[in-house]
Amino acid sequence: MRAVTDEKALQVGHRVRVTIERLVFQGDGLGRLADGRVIFVPYAAPGDTVEVRATEVREDFVRADLVRVLEASPLRVEPACRFYGTCGGCQWQHVGYGGQLHWKAEMLRELLERVGKLREIPVAKPIAPAGPWEYRARAQFKVFAGPRPVIGFHQRETHRVVDIDRCPLLDARVNTVLRMLRGMRHPALPALFPGLREIWVAVGTGTGEALVALFARMRDRSAIRLLFHRIHAEVPGLQGAVLLDGDPRQHPRFVDRHGHGALMEQVGEFRFRVDGTAFFQVSGLAAGVLTQLVLEAAALTGRERVLDLYAGVGTFTAPLARHAAAVVGVEASVPGAADAVYNLRANGCSQARMVQAQVEQALPGLVSEGPWDLVLLDPPRQGCSRRVLDAVAALAAPRLIYVSCDPSTLARDLGLLAKSGYRCLGIQPVDLFPQTFHLEAVATLQRAQ
């Protein structure tokens, strides 16, 4: 390994000195080489001067690993987690929290200009609903089920599971469940559940209820019952232990359970049932902040007709129904839509109904039910398909609200909506994921007259 001074001769394995200018989407620090190429360095902070080792060299960019910090940025802090840098869950623990908030807003602005071709969009200062630690009430642990199970999260850019005993981002009750699972002996988890590959843990921050779901096979039904009672002894709020099968990312299949298959969450005055496979925000507190922002952006008077697309368990549908003449929610997930129907009924939202379908499939039938005064979009990380955006534009609703969990797809979709006659009035970033590059945002759009 050698240092190079002629950066045009830079090859994989060579070392080079660079000063970091900014943080970018996906979490890397960005610097510039003397020949004009940008260089991406994970775990670097703006203002750092670092020595790096090139891992990928292209004509227009370079990727490199951090070797050592030569001159530390004022933004740099000591990471709180001993697994940081190995576990891939966090990217920014080495940056003070104020710096994280600043660079998340800058990251969003840069994506709006570069990806969406949108300039001068008002971007507010990010809101931080909770503290920068112990904010996650949900975790999806990866498992390597060897002689002693390895439970944790994937190493950065690999499928290797990093064995962790505690995560400082997790609610203390989630960490308690993790400790219980790691400590199980006589029998251990792999003996009870062959092929164990993932464990999902969720806690209702407004109720204290908890749920544990495992992706595995089971020798007999007594295994799930034993697991429930072992955890319940230390987490009295545990509502159920659930066994799932199939792809954890694509419609998991229910197999068996002991206790309930869902937990209850409290968000303001509303209670929501959340199935073990249904989507919910990182915490009830996070859901409450987003709900308030959506209601403020909607500015409902009680006469409006509202479409809530990608409605989940009805987290926004129910509050909107309290202030609108009619609300229709659309959700593809069968368990999520079933929860939403239950939640609307339980919260007394008689003027709202749910449609269980893919948004692309539901929208053509909803056109004839118009006109619609407001359309709320809360898509998954990949954003909206072009088919959805075209159909939404065809509805010609005076106002759109877009709740995004990925600033790159938000920028892309806002750019497309701008071409369809919608102007973005402003974006409120919400930091639901401190110590990472991830960013939630609520954008308000108005149709040009």
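Author: Contact here means that heavy atoms lie within 4.5 Å of each other, and the helices (H or I, at least four residues) and strands (E, at least two) are DSSP runs numbered from the N terminus. The model is a predicted one, in which local features need pLDDT of at least 70 and side-chain atom pairs count only at pLDDT 80 or more, while totals for chains, interfaces and linings use all residues. Residues are numbered from 1 along each chain as its sequence is written, and side-chain values use heavy atoms, with hydrogens and water left out.

I begin with a pair of helices. Val177, Met180 and Leu181 in H2 meet Leu227, Arg230 and Ile231 in H4. Of the residues in this contact of H2 with H4, five are nonpolar, none is polar and one is charged, where Ala, Val, Leu, Ile, Met, Phe, Trp, Tyr, Cys and Pro count as nonpolar, Asp, Glu, Lys and Arg as charged, and the others, Gly among them, as polar.

Two packed helices are described by the angle between their axes and the distance between the axes. For helix H2 (residues 172–183) and helix H4 (residues 222–232), the angle is about 125 degrees and the axes are 10 Å apart; axes are lines fitted to C-alpha atoms, for helices over the stretch in contact, and angles run from 0 to 180 degrees between N-to-C directions. H2 is therefore oblique to H4, since angles under 35 degrees count as roughly parallel, over 145 as roughly antiparallel, 65 to 115 as roughly perpendicular and the rest as oblique.

The sheet comes next. Seven strands form an open sheet with mixed pairing, in the order E8-E7-E6-E9-E10-E11-E12, two strands being paired if DSSP finds at least two bridges between them. Strand E8 (161–163) and strand E12 (253–259) are the edge strands, each pairing on one side only, and neighbouring strands of the sheet are turned by 30 degrees against each other on average, direction ignored.

Both helices pack on this sheet. H2 touches E6, E7, E8, strand E9 (198–203) and strand E10 (210–215), and its direction makes about 145 degrees with that of E9. H4, in turn, touches E10, strand E11 (238–245) and E12, with a direction that makes about 145 degrees with that of E11. Within the sheet, strand E6 (residues 138–144) pairs with strand E7 (residues 150–154) in the antiparallel sense over three bridges, and Phe144 stands opposite Val150 in E7.
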